[in-house]
Structure formats: C-alpha cells, structure tokens
Amino acid sequence: MDQEIQRFVQAVLIAWEQPSSGLQHQALDYLSNFQANSNETWRIALQVFVEGGPEGRVHPAQARFYALRMLDGYFDDRFEPLDEDSFCTLQQAFVSYIQSEYVQGSAESNATFLRNKFSHTLTLFFLCAYIDQWPTFFSDLFTLISAAAASQSSQSQSQFNRHVSLLLFHLILEISGEVADQTMKSARAFTQARHTRDARVRDAVRERDAPRINEAVLTIIADSTERLCVLRQAGGDTGKEVGQAEELVDWGVRTYGSYVGWIDINLTVTPTSVPLLFSLLSDPSLPIRLATSVSLLRVVSKGLKEPEDKLQLIKVLSLGQVIDALESKTREQQAERGADTDEGEESYREALGRLLNALGLELHKLTDDNPKPEVAAEATQLLSQIHPVLLRFMADEYDDTCSTVFPLLQTILAGYKKQQKVSSEPIDESKRSFLSALLQVILQKMKWDGEEDPADLDEDDIGAFETLRKDLRTFLDSILTLDQALVTGAVKSLALNILGEYQAGIAQPWNQLELGVYLVYIFNEINKSGAKGRAAYCQGLNVPKEQRKDVDYSSFPLTDHGEMMLALIQSNISAYPHRTVAMQFFETVARYSDFFKVRKAGVHSSDRTVRSRVYYLLHRFIREVRNDISPDVAVNLVDGIRDLLAIEVELPADTPEEEMLAEAIKSPGLFDSQLYLFEAVGTLLSLLGKSPEQQASMLLGIVTPLLETLSVNLQAAKAAAQRAQGQQVQGADIVPVLKVHHTIMALGNIAKGFPDYPNPVPEGYALPPLDVFREVAQAILVSLEALNVYKAVRDATRYAFARIIATTGSNVIHLIPPLMANLLAHFEPSELVDFMNFIGLLIHRLQKELFDVLDQLIGPLTSHISQMLTQPVTGTDDALSLADTKRAYLGLLTSIVSSDLHDIFISERNKNSLQPLLETMRNLAEDMSEPSSQKSSFSFFGRCVHVWCRSASSTAEANGHTSLPGFEQFVYESLIPTAFGVLSAPQLNVKDGQTVTLLHEIANFLQTVCKTRDAEAYDFLANRYLPSQGWPADMAMEFTTKIRDLDNKAWRKWFTDFIRSSRSQGAS
C-alpha cells in the first residue's frame, strides 16, 4: 500500500503544480481512474488523509484534500449500509483524527481549507451510517466537545472545546443542507433512493437526537455569548479571543437556523431561546446580527399545520415590535452617518427588511381565506400594526433595502384587490389612509439618486434603476385599480407643484425636476379613463373629423393631462442644464404630440450632450404633428434648425489607418442621429406644397450648402487619390471621402422627408421641387463617377437614389443607366445583395419604365449568380452569404414577373439565356438544404406559368400576357416532376415550419398549372404522370379532383395533410 500511497501523492502534486504539461495529463488520468475505482482505492485515500507522525500530518495538504474528494466519491450516491469491516475502519479513523486534530491539536491551522472539506466528507459518511450503523454519532461527538475543567486557563475560557464545537456546527449545517435544503435538492437530479434516504435520516434525527442537538447548539451559543460579554467588558488585549468567541456565536446561530425548519418548533422556540436570539439581533458584531436575522426568518416562516399554532408563534415572537424598534434605531444611525455609507450596516437593514417581509407574508396567509374568522381578524390587526414600519422600509434611500419588502407589499395590494372584487362598498378609510401614505412614498422613490449623474453610470446601474421604477409602477397600477382618483390626483398635484415652483424660480435638485417631468410622461398610462388624441387634452371635445382643422381649440378647457402638459411647456424646463431632465422633457413632448394640436408651441435644444436623442425626438415630433403644422410655423422651424445642419465628421480613435474609413462609417457618432434632422427638414419643406416657388427656394437654400460641401470635398478626395497613386487613401485623407459619404446620405434623407411620388398622379397634386432634386441627383452621380472605387460612396449613393426616386418617381430615370454603370464599375461580393434589393426597389417605384435598364442588366446578373452557385462553400460565413444572395436573387426575379416585366427574359438580348435561367431556378427548387429558397423558386415558377403558359382558350392576350410556346412542355416534363421529387425526398421534414410553407407554395404551383392549362393539366396528372409514379387510379383521381374543386386555402390545407399522412404511412 505504501507504494500506492506514494504514487497517489505524487500524482496529486504533479496535477497541482505542473499545469499544461504531459505529466499533468498523465497524473489527471491516474487520479480519474483512482476515483472511478473508489470501492477499491478508498483505503489509500483514507490513509493519505489521516496518517500522522511526530510532527503532524505526514502528507501534503494538497494530497489530503484530493484524498477527501476521493472519499466523497466513495460515499456519495451510496444508499445501502457499508460492510462491517469498512464501517469500523472508517469510524475509528475519523474519531481518532478528530481526537488528535480537533480535541488535542490545532484543527488544521496550517491548512484551514481542509476543515470545511472534512466536515462535508464526514457528513456524507454520516448519511451512509447513521441510520443502521452509527446511531450514537451525535452522542460520540458531544463527548468530544466537553473540555476538562482543569485545563481552563482563565475565567473567560469556554467550558467547551472550540474546535470540536465548530466542527459540530459545520456538520449540522452540512447535514441540514443535504437532507432538508430545497435549493440544494433542486440543483441535482432527483433520485428516489436519495429522497427516501434523506427522509429516513430526518426522521431518525428527530426521534433520536433532535433535543440533544438543539440543547447543545443553544448551550454553546449561550456560553459563548456570556464569555463574549466578559471579554468585551475586560477590554485590553483580548481582540483574538473576542474574534474566536464571535465566530462560535455566529456559526452557532447559523446552525440553529439551518435545522429550525425541519425540527419540532417546541424544541427550538422556548422561553430561553427567544430572548437569546433577540439579544443577538442587536449584538455589536455584524455577522452575528445577520446570522440571527436569517435564523428568525426561518423560525417565522416554518410551516405549521394549524393556523392557531402559527398565530401563537408570531405572538410569542413579537417580531413586529422588535423590528420596529431596530428599524428606528438603524435609521437614526444611518442619518448620523450622512454621506459616509457603511455597507455592512446597510446590509443589516436589508436583513431586517427581509425579516419584516417574511413576518408580513405569514400574517397575510392567516388572513387569506382562513376558515377561522377569529384567527383571521387577529392576524389582520397584527398585519396593520406593521404597516408603518413597512412604509419606512419602502422609503429607505437605498434601493436594495427598499426592495426587500416588495413581495409583502405586492401581496397586501393583491389582497386588497381581491377583496374589492367581491365587495360593492368603497375601500375603507384605514386602507385608503395606508394607500395614500404608500402612494407618496412610491412617488418619491421614483426619483434618481441626486448625488449621481445617470450619464456617469454603467448599463447595469441604469438598468437597476429602470427595473426599480418598473416595480414601483406596478404598485402604482395596483393602487390605481383600487382608487383611481387617489392616484391621478396625487400624480397631478406633485407634478404641478414641481413645475410651478421651477417656473417661479424656486431652486430644486435635478432629480426632483426629472421626477416632475416623468410624472407628466406616465400620466396618460395611469389615467385609464382618459380619452385619446385631442380629447385627451381638451374637455367637452366632440368635433367631426372634417371640421377639426377649422376649430379654435384654445377656447376649450384643458383636462388634467392638458393642464400638466401646458405647465410643462410654460415652465421652460427644457432649458434646465442637466441632460437627464432635458431628455425626459423631449421624450414627453414627442410622446404627447397631439397636445400641440390644441395648444401651439415649439421645441428646440442645442445642448450637444443630448443631441443624439433629441434629434430623433424632434424628427418624431414633427412627423407626428405634420398635418397640424402651418406653412409659417414650418418655415420658422426650418430656419430655427439651419445651424444644426452642418455635416459633422468623427474619426474613430485607436483604429488602424487601413480600417479608418470602414470604422468611421460603421460608427458615425452624432451624424447617425443628425440624419433624423435632415429628414425632419424634408418633412417641414414638404408642407409648403401650396407655394411651389417658396418650397423650391427654401429647399435650394438647404441643399446648396450641402452641394458646395460635396463639391469641395470631392475635389479634395480626388487630390488625395492622386497622391495615393492608385491606392486607397488612408489616415487624414479619408476625411473628404467621409464628408462626401455623409453629405450624400444627408441629401437622401431630405428627400425621404417628402411624401412618396404617387402613381398615377392625381389631379391637382402638388409636385415636389423636381428641378432641385434633379440637380441633387446629378451632383450625387458626379460624385459617384469620381469616387466609385469606394464602397462607402457606392452604398451612400444607392441609399440616396432610392429615396430621391421614391420622391420624384420617373423624373430622374435618365440617370439610372449611368448610375448602374458606376455602381457596377467596382463591385465587392458583399454588395450584391444590397444591389439586387436596390433594383427591386426601383422596380417597385418605376415599374415598366425600368424595362430597358433591366433588359441590359438581367443577363450578366443571372450569369454571375449561376457561377456563384457552382462555387464550393468553404465555411459558415460563405454559407450565410450564399443564402442571402439566393434570397435576394429570387426576390428580384419574382418582383420582375410580378411587375409584368417578364418580357425581359424573352427579349432579343436575353432569350438565349432563358433556358439556363430556368435550369438554375429548378436546381434551387431541388436543393433540400434551403426550404426558403425552394419556396421562392416555386413561387417564381407559379408566376411564370401564369403569364407564359396560358391555354389557347384563355384571355392571355387580352390581359397583355404573351404565351411562350413550348413552356408548357418544360412544366410537364421538368417542373412537375421536380415538385413531386421534393415531396418524396427523404430530407423533407413535414414537422418543420419552413417546410410547411414550402408545401403551401408547391400546392399553389400545382393548382396554378391546373387552373392555367385547364383540362390538359388535369388529364396529364390523373392519367399520365401520377400513374407512372405508381399512384393507384382512385388516388390520382381524388388528387386532381381536389385541385380542381377546392379553393386555394382549402386545397393547401388538404394537400399539406395529404403529404403528412402519406409520409407517415410510408415511414410506418
């Protein structure tokens, strides 16, 4: 065995001290095998751990720790008794070890981590042996605790062995955790054997040792508490002894708390234990106080069968009075500390809050549906007595302390709502008084911490406050359901007071002002009976829709919300020099834009720290109320924000020069929000349509500085390109390119603010300033021609042209061919999807006017896509890119056919490319790895059938469709077999959602073929194709009959169910 012991110790030391080496891997393999064979190797592990010599333990602490782990593996999951020899060996070894190390020694003072590990291992051994083999476990341990009176060195020395006492505490804590802690039990897989064993251990402890365990624990606590008092009074050089005594009391109280939940309450709650615990609840030692609060919480939360017993327990404890006194005391201490935060003492207040919460929840259980009215009445009275201290905890300035009583508060309010549902009487005065006080606390708790600036907080801290506000809003909503007038009145009163005092020049902290604005922001949500639109702000409003623009709303009295909004605007609080206040103001104004339809006002902020959000809010505000903005106001607003329209460029810091342009585009800083401002300008200018000359003049006044910026930076970019001698510019030379990109984007967003160009144009429609937009489009095209080597410029040009075309329709179509040529002159694979989406957008906007452009484009594009599809896929990125490309290509082809532009496929230029195109599409339809591409392919083929496959008797010519001779043979010989091939493919998963949509599209395709070709198609399926595939005649006939007779929705359902049923039968 000695050799095996040495091998084990050596393996542990190698594994511990030589990381990432070949020897370490060998050592770990050895230890893994050692653990796996613990039934044979446990004796070696035991010897390594306990073996002693003249100078202490023989083996290193690391090896002894691993030895305990090996023993854990031997004991764990063992639910049958050990054989007698093994049990005796282990028992004798452990008892001898405790005597030598804990009774006579220093309790592993040189390797303290072994103490906890040993207590866990001994606990596992206890679970194996206590019931049948070692029933005297606790008696034996109690014997070791007592120390000889003659060895006491002083009057302050404890009469119990400190080391063994701590071992006892740790053992009981471990045992309670193993057999009774539901958190630990839920963390591991359930086994019936463990569940049964744990129940038997609990029963055996209760029957044999519970009184003595409880007596021993409380006696040691009391003895150590008495000794602690003596030591504290003695003062002097007793710091170490005080610490040791506090440790004993702390662990003793923790131990008591670990078993009160599963041992008879009559043992644990006695005339001696309760005073002892209450004295410790205010002990100078913070760990002792925290441990005591947890123990009392477990006492009060203990489940008892009879409500009378639970009520009696609560009355005996009188916790409400104790917590009330301690809350007052700690609150006074908190005030004395001022800004000097003591996190330890705040954690104690949190513990008191949790204790009050538990007490309240237990009392509420006694009031809720209790069959004994006298118990419920007394519990209700006790619960009402703790309301004041509940409110004080709610008002605590520390959110963690405040939130400890949230569950109790939620339960109380839920109880009130439940009672209110079954009663027609108004809420009684005592409850209303509590709710009123609670409401004031909630509203004040909604404030930010005035000593911290939200701009300096990290996301976690901001998220924590937002979560707190959300929880407080939940309580507010609960009170709202009980008494809406109480809530709306309190919110309105507080908001108006704050705003009124600010307007009067009374100084207030920023967080108080933010709260006032926030209450205006949430008022519409809490005012459940409030109206919508203008009626939310004006009383007695009943104006027909067609007359609303002619009504003078200023003559109507304001609602509560209208008064609050007016006070908000008149207070001029948007000018307050704190970003959080300004942000909340603009959020509120943007949210309630309808107010400005009844009271005219404007907003503007130049504070750069909040621009990023305010630009968006201003854009949103203008968009929401644009129909109510007069031309004069629109002009004033545009003039008011001209100074904000200068293009701002920001270069990213700490970025390699070759990546500078891409990073600056990806993270444009403030410019990203500035784009909202340009769109808002476009929206405002679009409102001047009744004055075309003024509109064109103002638009020209806005775009001219931008076009000048474009021209200047275009020349600078050209000069930089010449200096770079054909290479891409880097460093500071990218600034002109970046400004060109930003300016093109800004011009596109101005166009975006205008309404879409109608098709057809209705009579009297006010056209946008087409000449100005033509000039803008031409300037952008010139920039693209000069800088088309830059992807950023190509992307910006596509973006801007898409928006200009949406605004001007076909009026800039003459620029499309040179636009396409320059976009394709330099082309990266990643742009292909964006380019095809851009073409799809042009098709949607320009329809048949785009025919000539598409006629030139579709052939090379199809050839390029077909070549891409034949390339091998080398990784995940390639696969995703290819899937996006296929999706965009299929979408483009479908758009072409849907927009009656299908003749480009059979034009003189492209007719020879049709067959390869159709084969490419058929291959995509067969690709089982891409159900979405298959669906799009069959959708495309269905549309092709609709336009090219009309029978002679149809009205194809009348509808402008030209049949394609021979296409029907391609359908019969190729496409229909492809469809049924997909349906019979082994990879088809009929339970997958994407596959179901594919089945629906195949059903659409087959029905389109039959409806288009009529009797010919029905005959082909019923008498030729389906029989050739082995279908019985009656099944083939039923199939074709269903296609013919069912409408599309019913047919798709029948078809999908048919395929599922067929595949299910085939699988079985």
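**Aromatic pairs and their surroundings**

A search of the whole structure, which is a predicted model, finds 54 aromatic pairs. Take one of them. Tryptophan 448 and phenylalanine 465 form a stacked pair.

Now place the two rings along the chain. Tryptophan 448 is in the loop between helix H23 (429–445) and helix H24 (459–482). Phenylalanine 465 belongs to helix H24. The pair therefore ties together parts that are 17 residues apart in sequence. Are these two residues, tryptophan 448 and phenylalanine 465, buried or exposed? Tryptophan 448 is buried, and phenylalanine 465 is buried as well.

**Charges over rings**

Rings also meet charged groups here. Arginine 208 places its charged end over the ring of tyrosine 130, 4.8 Å from the ring centre. Arginine 591 does likewise with tyrosine 521. There the charged end sits 4.1 Å from the centre of the ring.

**Two helix pairs**

Next, the helices. Start with H5 (residues 84–103) and H8 (residues 162–180). Their axes come within 8 Å and cross at roughly 125 degrees. H5 and H8 are therefore oblique to each other. On the H5 side, the contact is made by Ile98, Tyr102 and Val103. On the H8 side, His163, Val164 and Leu167 make it.

Then turn to H41 (residues 914–926) and H43 (residues 967–983). The axes of H41 and H43 come within 9 Å, with a crossing angle of roughly 15 degrees. Angles under 35 degrees count as roughly parallel, so H41 is roughly parallel to H43. The crossing of H41 past H43 is right-handed. Which residues of H41 and H43 meet? From H41 come Gln915, Leu918, Glu919, Arg922, Ala925 and Glu926. They meet Phe967, Phe970, Ser974, Leu975, Thr978 and Val982 of H43.

**A buried glutamine**

Move on to glutamine 1007, in helix H44 (residues 993–1013). Its relative accessibility is 5%, so glutamine 1007 counts as buried. What does glutamine 1007 touch, leaving aside residues up to four places away in sequence? The contacts of glutamine 1007 are Ile1043, Leu1046, Asp1047, Asn1048 and Trp1051.

**Backbone details in loops**

Last, the backbone. Alanine 107 has a phi near 55 degrees, a positive value in a residue other than glycine. Alanine 107 sits in the loop between H5 and helix H6 (113–129). With 2% relative accessibility, alanine 107 counts as buried.

Glutamine 847 also has a positive phi, near 50 degrees, and is likewise a residue other than glycine. The loop between helix H38 (832–846) and helix H39 (851–869) holds glutamine 847.

One more loop deserves a stop. Asparagine 759 and proline 760 are joined by a cis peptide bond, with omega about 5 degrees. Proline 760 lies in the loop between helix H34 (734–752) and helix H35 (770–787).

Notes: Residues numbered from 1 in each chain as written. Predicted model: local features only at pLDDT ≥ 70, side-chain atom pairs only at ≥ 80, totals over all residues. Heavy atoms only, no water. Phe/Tyr/Trp six-rings, centres within 6.5 Å; stacked < 30°, edge-to-face > 60°. Helix = DSSP H or I, 4+ residues; strand = E, 2+ residues; numbered from the N terminus. Buried < 20%, exposed > 50% of the residue type's maximum accessible area, 1.4 Å probe, protein only. Lys NZ or Arg CZ within 6 Å of the ring centre and 35° of its normal. Axes fitted to C-alpha atoms, helices over the stretch in contact; angles between N-to-C directions. Parallel < 35°, antiparallel > 145°, perpendicular 65-115°, else oblique. Left-handed = near helix turned anticlockwise from the far one by under 90°. Contact = heavy atoms within 4.5 Å.
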